[in-house]
Amino acid sequence: MLRLPTFELHKPATVAEALEAAAKGGPATRFVAGGTDLLPNLKHEMIEAEHVVALAGVDELRGIRLDEAGGDELVLGPMTSLSEVAASELVLERAPALAKAAGLVAGPQHRNQGTIGGNVMLDTRCQWINQSYFWRSALGFCLKKDGSMCHVIEGGKRCVAAVSNDTIAPLQTLGAKLTFQSLATPEMVEAGAPEGIQTKPVPVDGLFKADGAYNKKVGLQELLTEIRIPAQAPGHRGSYQKLRLRGSIDFPQLGVAARIDLADDGTIADAQVVAIVVAARPVLVKKAPAQLVGQTPGTAAFDEALAKLCDLASRSVKPLPNIPGDTEWRQRMVPVLVEDAVRGCVG
């Protein structure tokens, strides 16, 4: 039986208390939301923590609302369950791709327990690290934990564990912004920062870096306190497609989100396509707007443009052998999921 290691558990009731606990715990602190990712990783000794700050009692981190004063933004509390996000009428109306992605995470029990914030901050995955400590030690460990080599890319100097958060792809297409808060450290105050709580907005497309060992540009003591989705164009359409071995439970083998904005005349005014489970950060299909803008869905010209986009995507989106599964199959499914995601927007 796998057991949790020993750590000090903190149960704050407010964001301020959570930040204070994290500041006192220092770098050896981890926040836990639903626990569906962190707790197994602690049991497998993939990560270590001397202090764990449980967010379940922080009610101000829950809920889904519209901020009319803030530009009619859709605001999600990070402790809102994935089940609530998937079923919310506000999310279905304003961010349909996000609602679909949230409803495809793992299985029903995981979605009831897991949170939107936890999924955004999900750790990267790799078939060489998501194993038992005994299994990993037999191979000499790897760049992500305790080792100095990459088993995916021979001679690799940077970890390529894959970003596998289903909700990240649609959030990036929606132009979502994340709000992080932390307490100013003595070093920060000495350098001129104000004392107390520091607030930092981070766009989703600026959250990630290309290092699977830790692929976030925010520190472990910075707490995600809000997810903000700006009001979309009147003709907004969104879709998310997920590739996995089984229809439930499994992490994605590949994920593709698409956003299409239709103009009043029915032509495509803007488009964006983002893929995940390819590398340590989401991959933007840069040619999507150039191929689709100006096209009218349902026409032969649109079908031709979409076929060209799928071909371009298959050459720019290159899955690595970093997760269990057939890499060649994942590669061949790239154009299939891109086409399904775009047609899911306009069909």
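A: The largest cavity has a volume of about 70 Å³. A search of the whole structure, which is a predicted model, finds one cavity of 30 Å³ or more. The residues that line the largest cavity are Cys126, Trp128, Ile129, Cys142, Leu143, Lys144, Cys150, His151, Val152, Cys159, Val160 and Ala161. Sorted by class, ten of the lining residues are nonpolar, one is polar and one is charged.

Several cysteines belong to this lining, among them Cys142 and Cys159. A disulfide is a covalent bond between the sulfur atoms of two cysteines. The structure, however, holds zero disulfides. Cys142 is in no disulfide, and the cysteine sulfur nearest to it, that of Cys159, is 6.2 Å away. The cut-off for a disulfide is a pair of cysteine sulfur atoms within 2.5 Å. Cys142 is also buried, its relative accessible area being 8%. Another cysteine, Cys345, is likewise in no disulfide; for Cys345 the nearest cysteine sulfur is that of Cys310, 12 Å away. Cys345 is buried, with a relative accessible area of 5%.

A pair of aromatic rings is described by the distance of the centres and the angle of the planes. The count of aromatic pairs comes to two. In one of them, Trp128 and Trp135 form a tilted pair, with 6.0 Å from centre to centre and 40° between the planes. Trp128 counts as partly exposed, at 26% relative accessibility, and Trp135 is partly exposed as well, at 33%. Tyr133 and Phe141 also form a tilted pair, with a centre-to-centre distance of 5.4 Å and an angle of 55° between the planes. Within this pair, Tyr133 is partly exposed, with a relative accessible area of 36%, whereas Phe141 is buried, with a value of 16%.

About 1200 Å³ of space lies in the largest pocket. Its lining comprises 49 residues, and those nearest the centre of the pocket are Asp37, Leu38, Met121, Leu122 and Asp123. By class, this lining has 24 nonpolar, 14 polar and eleven charged residues. The elements β2 (29-32), α2 (38-43), α7 (116-120) and β8 (223-229) each supply at least two residues of the pocket lining.

Strands of a sheet pair through backbone hydrogen bonds, either parallel or antiparallel. Five bridges join β8 to β6, and the two strands run antiparallel. Within this pairing, Gln181 has Leu223 in β8 as its bridge partner. Strand β6 (residues 177-183) also pairs with strand β7 (residues 197-203), in the antiparallel sense and over seven bridges. Thr179 stands opposite Pro201 in β7. Five of the seven residues of β6 are buried, so the strand is largely enclosed by the rest of the structure.

A further sheet is open and is formed by four strands in the order β9-β10-β11-β12, with antiparallel pairing. Its edge strands are β9 (236-243) and β12 (283-284), each of which pairs on one side only. Eight bridges join β9 to β10 (residues 254-262), and these strands run antiparallel. Gly238 stands opposite Arg259 in β10, and Gln241 has Val256 in β10 as its bridge partner. On the way to the next strand, eight bridges join β10 to β11 (residues 268-276), again in an antiparallel arrangement. Ile260 stands opposite Ala271 in β11. β10 and β11 form a hairpin with five residues between them, and Gly266 in the turn has a positive phi of about 90°. Eight of the nine residues of β10 are buried, so β10 is largely enclosed by the rest of the structure.

How values were computed
Residues numbered from 1 in each chain as written. Predicted model: local features only at pLDDT ≥ 70, side-chain atom pairs only at ≥ 80, totals over all residues. Heavy atoms only, no water. 1 Å grid on protein atoms, 1.4 Å probe; cavity = no way out; pocket = protein on both sides within 12 Å on 5 of 7 lines; lining within 4 Å. Points joined across faces, edges and corners; volume = space filled by probe spheres on them. Nonpolar A, V, L, I, M, F, W, Y, C, P; charged D, E, K, R; others polar. Buried < 20%, exposed > 50% of the residue type's maximum accessible area, 1.4 Å probe, protein only. Pairing = 2+ DSSP bridges. Phe/Tyr/Trp six-rings, centres within 6.5 Å; stacked < 30°, edge-to-face > 60°.
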